[in-house]
Amino acid sequence: MSFFLDFKAFLLKKDIVALATAVIIGAAFNKVISSVVADIFMPIIGLLTGGADLTQQFISLDGVEYESLEAAIEAEAAILTYGNLIQAIIYFIIVGLFIFIFLRAYEKTKKKEEAAAPAGPSKEEVLLTEIRDELRKKNI
């Protein structure tokens, strides 16, 4: 029976709950970033590259010219889809940018909390100082 109690205690640890929450938020964040890349940045990049859809860009390794990526896949040709790599790199950069912005804002809130802390001694320090002074008086 202690196995199940230990497992329950493990699952309810603060760190595990925080990790599970982070994973769920991360999955939702991934969907938002995917949408930003696919729906905002890639059309702009396509416009800048003359209307080319980067995900459809490929190089045929067998030397045959195919009119589209689908035609090359249907012919089971060996191809390098470099457009997908470019999109993945853009995705990585945008995720890094969003995480950087989030962590930077988080650090600013931490600095404000630290600055808001009182400069004087805490209640515990005052109480301990009073106890120390009383003990010194009794020992004299």
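**Exercise 1. Sort the residues that line the largest pocket by class, and find which elements they come from.**

*Solution.* Start with the classes: the lining of the largest pocket holds six nonpolar, two polar and no charged residues. Here Ala, Val, Leu, Ile, Met, Phe, Trp, Tyr, Cys and Pro count as nonpolar, Asp, Glu, Lys and Arg as charged, and the others, Gly among them, as polar.

Before going on, a word about the model. It is predicted, so local features need pLDDT of at least 70 and side-chain atom pairs count only at pLDDT 80 or more, while totals for chains, interfaces and linings use all residues. Residues are numbered from 1 along each chain as its sequence is written, and side-chain values use heavy atoms, with hydrogens and water left out.

Next, name the lining: Thr-21, Ala-22, Ile-25, Gly-26, Phe-29, Ile-99, Phe-102 and Leu-103. The elements that give two or more residues to this lining are α2 and α4 (82-116). Helix α2 gives the most, with five residues. (A pocket is an open set of points on a 1 Å grid over the protein atoms alone, where a 1.4 Å probe fits, with protein on both sides within 12 Å along at least five of seven lines; lining residues have an atom within 4 Å of a point.)

**Exercise 2. Follow helix α2 from its span to the residue after it.**

*Solution.* First, the span: α2 (residues 14-48) has 35 residues and reaches 48 Å from its first C-alpha to its last, close to the 51 Å expected. The expected span is 1.5 Å times one less than the number of residues. Helices are DSSP runs of H or I with at least four residues, strands are E runs of at least two, and both are numbered from the N terminus.

Second, look for a bend: α2 bends by about 35° at Phe-41, and Pro-43 follows within four residues. (The bend is the angle between axes fitted to the seven residues ending there and the seven starting there.)

Third, step past the helix to Gly-50, where phi is positive, near 85°.

**Exercise 3. Describe the overall form of the chain.**

*Solution.* Count the elements to get five helices and two strands. From the N terminus on, they run α-α-β-α-β-α-α. The radius of gyration is 29 Å, well over the 14 Å that the globule rule gives for 140 residues, so the chain is more spread out than a compact globule. (The radius is taken over C-alpha atoms, and the rule is 2.2 Å times the number of residues to the power 0.38.) Finally, along its principal axes the C-alpha trace spans about 100 × 50 × 25 Å.
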